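Biologist: Hey, I'm new to this one. Can you put it up and walk me through it?
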Amino acid sequence: MAFMDATEWKAKWIGLDNSYNESDQLLGETRLAARYLRKEFEVPAIKKARLYITGLGFYECYLNGWKVGADVFAPTATDYTKQVNYNIYDVTDLLTSGKNTVGVILGNGCYFTMRTGQVRNFGFPKLLMQLEIEDTNGRIQVITSDESWKITPDGPIIANNEFDGEEFDAYRLLTGWDQNGYNDSEWFKASLVAEPGGKLIAQRNPNIRVMKEIKTPLCHFDSNRELSGRYGAKYGRMVSHTRKSQKRSTRYNGICRTPYRRETTLPR
């Protein structure tokens, strides 16, 4: 059930309103690494739990290592100064009595522009999340996004937007970041950030989902200095492939370029 009134929101907008990665580029053809956020919390015996969440531009939420829902590219984009969609999930089966961990990845989507001067830029990615848990005694516990969360831009998704796709550096994997006991001592403390301005609305339309996976032909490229290759077919936004190459690989409209020698596996 959606919130009937804005006062039911106890959560705060959080994020990281700055650029910290050397590979980030804030002007022209922009680049901005995804933000990873996490928080550990404890709950008693659980009767039911419901998650209210929005992350701008896109988000993926995990509870104890399990992805919440099957949606991708959520929430639906809007003019964020007028309306902000949020999603609701029943997450009872993803929680356990005792310690739990919630993790969220924030992507840029249509919020942080892919081209300055050509596309409207709303700001750096941000999160609003409220988890309401009812225990077996009928008591309600509320876990919200606030300044107690930890955040880092130093994850494997080093750039992402709707125009250029995603760059994934497997050397930066954060194994176990969305599970109990992960050492986040070097992460930043999440900052309270400005609201986007639009009215929070429970999203009325369904989110995008993966309906079918198509296996692509195996392609091999090899070069001592630079390689480039183009797939023979064009699919949607998400292409999965594994490539052994030189250094960290980047992708531009299906063309792969890697200027240095090193081996990398790109799962997505």
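This is a predicted model: local features need pLDDT of at least 70, side-chain atom pairs count only at pLDDT 80 or more; totals for chains, interfaces and linings use all residues.

Biologist: Where does Phe-73 lie?

Modeller: In the loop between E6 and E7.

Biologist: Switching topic: which residues touch the most other members in the largest nonpolar core?

Modeller: Val-91 and Leu-131, out of 28 residues in that core. Strands E2, E3, E4, E8 and E9 each give two or more residues to this core, and the largest share, 4 residues, comes from E9.

Biologist: What does Leu-131 touch?

Modeller: Leaving out residues up to four places away in sequence, its contacts include Phe-41, Leu-51, Val-91 and Ile-143. There's also a second, separate core of 12 residues, with Trp-13 and Tyr-52 among them.

Biologist: OK, and what order do the strands take in the open sheet?

Modeller: E5-E4-E8-E2-E11-E14, with antiparallel pairing. E5 and E14 are the edge strands, each pairing on one side only. E11 and E14 are joined by 2 bridges, and Lys-150 has Lys-189 in E14 as its bridge partner.

Biologist: Which residues does a cis peptide bond join?

Modeller: Leu-56 and Gly-57, with omega about -5°. The bond from Ala-74 to Pro-75 is also cis, omega near 0°, and Pro-75 lies in the loop between E6 and E7.

Terms used. Residues are numbered from 1 along each chain as its sequence is written. Side-chain values use heavy atoms; hydrogens and water are left out. A nonpolar core is a set of buried Ala, Val, Leu, Ile, Met, Phe, Trp, Tyr and Cys residues joined through side-chain atoms within 4.5 Å. Buried means under 20% relative accessible area, exposed over 50%, partly exposed in between (1.4 Å probe, protein chains only). Contact means heavy atoms within 4.5 Å. Two strands pair if DSSP finds at least two bridges between them.
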